[in-house]
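Me: I would like to learn how to read the pockets, the surface and the backbone of a model such as this one. Please start from the general idea each time, and then turn to the case in hand.

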Amino acid sequence: MLLYSNSYNLLMYLHLGTVVPCIFLGAYLLFFRKGNSLHKVLGKIYMTLMMITAIASLFSPALVGPQFLNHFGWIHLFSFLTLYSIPTALIAIKKGNVRKHKIKMIMLYVGAIMIAGGFTLVPGRYLHGVFFG
């Protein structure tokens, strides 16, 4: 397993600590009753955690694959997806556009949780080492 700097480790654990709850919160929000007070509270928590995880990830350099500007990798595109999707989904629901909100939240979960999460299992990444030695 690669040895990381202390600042990288801090960012990585902050990222993991905020994104792991989102796996479960997001799934719950997608599959269970919408519009009630529980959905609204959990949605605010989910959106806040997703914003924190996206911001933290932007400060972490890409250690696998090509880098742009000597820092960003392809996986950072999911961070930008999150930083765009959360505010626009929030605006949509505030305006009563449930359909647009729903689409944005589904796309966010699929892109930023499922697809980006899958990329974390690529050899050379921390979670690959955790799960596969």
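Me: What gives the most to the lining of the second largest pocket, and with how many residues?

Reply: Rolling a probe the size of a water molecule over the atoms shows where empty space is left. Here H2 is the main contributor to the lining of the second largest pocket, giving 6 residues. A pocket is an open set of points on a 1 Å grid over the protein atoms alone, where a 1.4 Å probe fits and protein lies on both sides within 12 Å along at least five of seven lines, and a lining residue has an atom within 4 Å of a point. Helices are DSSP runs of H or I with at least four residues, numbered from the N terminus. The model is predicted, so to speak of local features requires pLDDT of at least 70 and side-chain atom pairs count only at pLDDT 80 or more, while totals for chains, interfaces and linings use all residues. Residues are numbered from 1 along each chain as its sequence is written, and side-chain values use heavy atoms, with hydrogens and water left out.

Me: What is the volume of the second largest pocket, and which residues are the closest to its centre?

Reply: The volume of the second largest pocket is about 530 Å³, a volume being the space filled by probe spheres set on grid points that are joined across faces, edges and corners. It is lined by 18 residues, with His39, Lys40, Met47, Ile93 and His101 the closest to its centre. H1, H2, H3 and H4 are the elements that each give two or more residues to this lining. By class, the lining divides into 8 nonpolar, 5 polar and 5 charged residues, where Ala, Val, Leu, Ile, Met, Phe, Trp, Tyr, Cys and Pro count as nonpolar, Asp, Glu, Lys and Arg as charged, and the others, Gly among them, as polar.

Me: How many residues line the largest pocket, and which of them lie nearest its centre?

Reply: The largest pocket, with a volume of about 680 Å³, has 32 lining residues, and those nearest its centre are His15, Ile75, Ala116, Thr120 and Arg125. Two or more lining residues come from each of helix H1 (6–31), helix H2 (37–59), helix H3 (76–94), H4 and H5. H1 gives the most, with 7 residues, and the lining as a whole has 21 nonpolar, 10 polar and 1 charged residues.

Me: Is Thr120 buried or exposed?

Reply: Thr120 counts as buried because its relative accessibility is 17%, buried meaning under 20% relative accessible area, exposed over 50%, and partly exposed in between, with a 1.4 Å probe and protein chains only. Thr120 sits in the loop between H4 and H5, and its C-alpha atom is separated by 33 Å from that of Ser37, 83 residues apart along the chain. Val122, in the loop between helix H4 (98–119) and helix H5 (126–132), counts as partly exposed, because its relative accessibility is 30%.

Me: Which residues form the nonpolar patch on the surface?

Reply: The patch consists of Leu63, Val64, Ile103, Ile106, Met107, Val110, Met114, Ile115, Phe119 and Val122, which together have about 800 Å² of accessible area. Patches take residues with over 30% relative accessible area and no salt bridge, joining like charges within 9 Å and nonpolar side chains (Val, Leu, Ile, Met, Phe, Trp, Tyr) within 5 Å. A salt bridge is a side-chain nitrogen of Lys or Arg within 4 Å of a carboxyl oxygen of Asp or Glu, and accessible areas come from the Shrake-Rupley method with a 1.4 Å probe, where only the protein chains shown count as cover for residues.

Me: What is the phi of Leu69, and what is that of Asn70?

Reply: Most residues other than glycine have a negative phi. Leu69, however, has a positive phi near 55°, and Asn70, also not a glycine, has a positive phi of about 55°. Leu69 counts as exposed because its relative accessibility is 77%, and Asn70 counts as exposed because its value is 67%.
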